[in-house]
Amino acid sequence: MPAWRDDPAVIGCEHRPGTRQRPRSAAEVLAWGRRLLDPALRHVVEAMPEASRSTAGFHFGWRDERGRPAAGAGGKAIRPVLTLLAAEAAGGTVQAALPAAVAVELAHNFSLMHDDVMDGDLTRRHRPTAWAVFGANAAILTGDALLAAAYEILAEEPSAVVARGVRVLSRAVLDLVEGQRADLAFEERADVTLDECLAMAAGKTGALLGASCALGAVYGGGTAGQVSRLRAFGERVGLAFQLADDMLGIWGEPTVTGKPVHADLHRRKKSLPLVAALTSGSAAGDELAALYLRDTPLTDDEVVRAAGLVEAAGGRAWAAAHAEELLTEALADLDAADPAPCAAAEPRALAHLATTRDH
């Protein structure tokens, strides 16, 4: 592995000054994670051929459309940070799990680049999307390159758990792709059930978050029970994360989300709050169905009306309540994994952030 793995920040929680007195906040943990991950991600991207390197560098916010250095930053990196924390929770080290965390972040960004093309999104993180600048074909191929790099970084590690790690990530990617396929198919259907929508979200978002935690436990030397419990923790956090994201897709502020107002409604996505409202059996739900499921496009005023009807039919309240239930279940799974005391507080903080996130 390159020199970035020797960063002094790559130490276990039991050795971090002050950890016993005060666990780090979610913001502090995420900043720490970005400090570890960014050099590794840059190392991977810089090793790519020029075309993929330029598009990926733009996507990650490191370069502008002309290839010049930029001050942009990637996302919160919740998934790879959970990989690192899960390794500690299983009794292992951050250093051992760092390649797996990098692989998780690469796989996640593969999915983002493809999602932006399929959804037609023009902005992400307050910047143009890669496909909007370089074209759909370039973005798709660069996403493919990121996924290949994820497996490469796992395979280059001289570890006894490589084969197991590759299987964990592969299954998560297969589930993610199936979830995305269902999400796109739902846009053409008027009869989507809430159970179908939950299953879609479990694949699209829950699978990779679950795999992130499972990979951390595997690379941290955890028992089969710990791997199972931490995977379940991640899957539940992932579904809660999707519920929060879906609420932002309807009611989020563009200045916070980096996307247009009511973006999901304009695309007629069958998000979880929307389907909960459509299947509520309420008068507001019936009115929403008549408006939302027709063939003609929605005007801006009608989109605003649709958002109000989703809330009136109970979709927003259901999503918030279900996210809270998932959080409770996720934390029970975390506790059942029997993490060391110093390794328990920080995953809990990230789980709370996932259900109450504002961007």
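Let's start with helix H6, residues 136-155. At 1.5 Å a residue, its 20 residues should span 28 Å, and the end C-alpha atoms are 29 Å apart, which agrees. The expected span is 1.5 Å times one less than the number of residues. Helices here are DSSP runs (H or I, at least four residues), strands likewise (E, at least two), numbered from the N terminus.

A word on the source. This is a predicted model, where local features need pLDDT of at least 70, side-chain atom pairs count only at pLDDT 80 or more, and totals for chains, interfaces and linings use all residues. Residues are numbered from 1 along each chain as its sequence is written, and side-chain values use heavy atoms, leaving out hydrogens and water.

Back to H6. Which residues of H6 are buried? They are Ala139, Thr142, Gly143, Leu146, Leu147, Ala149, Ala150, Ile153 and Leu154. Seen down the axis of H6, they fall within an arc of 155 degrees, so they line one face of the helix. That arc uses directions from the helix axis to the C-beta atoms. Buried means under 20% relative accessible area and exposed over 50%, with partly exposed in between (1.4 Å probe, protein chains only). The face turned away from the buried side carries exposed Asn137, Leu141, Glu152 and Ala155.

What covers the buried residues of H6? The cover includes helices H1, H2, H4, H5, H7 and H8.

Now the whole chain. It has 16 helices and 2 strands. Buried residues make up 54% of its 359 residues. Of the contacts (heavy atoms within 4.5 Å) with a separation of 6 or more, 73% join residues 24 or more positions apart.
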